[in-house]
Amino acid sequence: MEPDADELVFDSSYLRIYKNGKVDRLHRPPLLAAGVDDATGVVSKDVVLDAGTGLFVRVFLPKVQDQELGKKLPVLVYFHGGGFIIESADSATYHNYLNSVAAAAGVLVVSVDYRLAPENPLPAGYDDSWAALQWAVSAHADDWITEHGDTARVFVAGDSAGGNIVHDVLLRASSNKGPRIEGAIMLHPFFGGSTAIDGESDEAVYIASKVWPFACPGAVNGVDDPRMNPTAPGAPALEKLGCERLLVCTAQEDWLVARGRAYYGAVAASAWRGSAAWHETEGEGHVFFLRDPGCDKAKQLMDRVVAFIASA
């Protein structure tokens, strides 16, 4: 073993990455079982999609009595954040957040527990997310989706690394001629590049340069891989995004805000035929709505997400 194999190459309050490929996951929220949420009345359950890889989804169904008789619910497929390295669909963070989303937006949510790096380097997480989306819209998916879900109104959403995954599945949906995705929501998406762009901090460039190669060691051009830097030379044209509407959400104090703004600007300036919208929260940092979901600005963001889904 090299004498410096245990050298720490990235250190944060959420995780530590070592030169030898080891990772310390410091951010470990409690894991919650699926079931009935007393606060919202939303009921959830887990469905295993691939026993071999461990891929599963947590499905959230709002109160059936709140639904109009015979009216089915839009289906929202959600990808959690965590730098492709931490978090899960059954963590308290995402379980509680998606209970709230299901109740507020009146949607059936499919939360994807994709495989994490470094044990399963990308593209494993991308592949799992794509497989879960295909499952959610299939004719023989879960009975809740069959009975209550309107698979003609499919949305995809994710925060941070999950927002990055949204971009990947939109390109896959386009190149594979489906499934039809009505809308996509990116919440503080994790994008980066080797060179700072306008408004981007050195910290943001540094974090991306350490986390991305660790999560995706086979990346082409390192952090300028098109999956991490969608505006890099040679990246797939943004006009190929496979959805009809897009909402990009950023936060003024988020270390990723410059990349989120740039992504929205590039999509809006492209030949994409869809409708793009942008929402920025003043005075808040990265995924603040997960840390403090009860604050006024988190409620405002939730209202924006709900309105986007409700718009036909």
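This is a predicted model: local features need pLDDT of at least 70, side-chain atom pairs count only at pLDDT 80 or more; totals for chains, interfaces and linings use all residues.
Residues are numbered from 1 along each chain as its sequence is written, and side-chain values use heavy atoms, with hydrogens and water left out.

Helix 2 (residues 124–136) and helix 4 (residues 161–175) pack at an angle of about 60 degrees, and their axes are 10 Å apart. Helices here are DSSP runs (H or I, at least four residues) and strands likewise (E, at least two), numbered from the N terminus. For the contact (heavy atoms within 4.5 Å), I listed Tyr126, Asp127, Ser129, Trp130 and Leu133 on helix 2, with Asn164, Ile165, Asp168, Val169, Arg172 and Ala173 on helix 4.

Next I searched for disulfides (pairs of cysteine sulfur atoms within 2.5 Å) and found zero in the structure. The sulfur of Cys295 is too far for a bond, because the closest cysteine sulfur, in Cys249, is 14 Å away. Cys295 is buried at 15% relative accessible area, where buried means under 20%, exposed over 50% and partly exposed in between, with a 1.4 Å probe and protein chains only.

Last, I found Lys177 in the loop between helix 4 and strand 9 (183–187), and this Lys177 counts as exposed at 81% relative accessibility. Lys177 and Gly242 are 65 residues apart in sequence, and their C-alpha atoms are 8.3 Å apart in space.

Definitions and conventions
Axes are lines fitted to C-alpha atoms, for helices over the stretch in contact, and angles run from 0 to 180 degrees between N-to-C directions.
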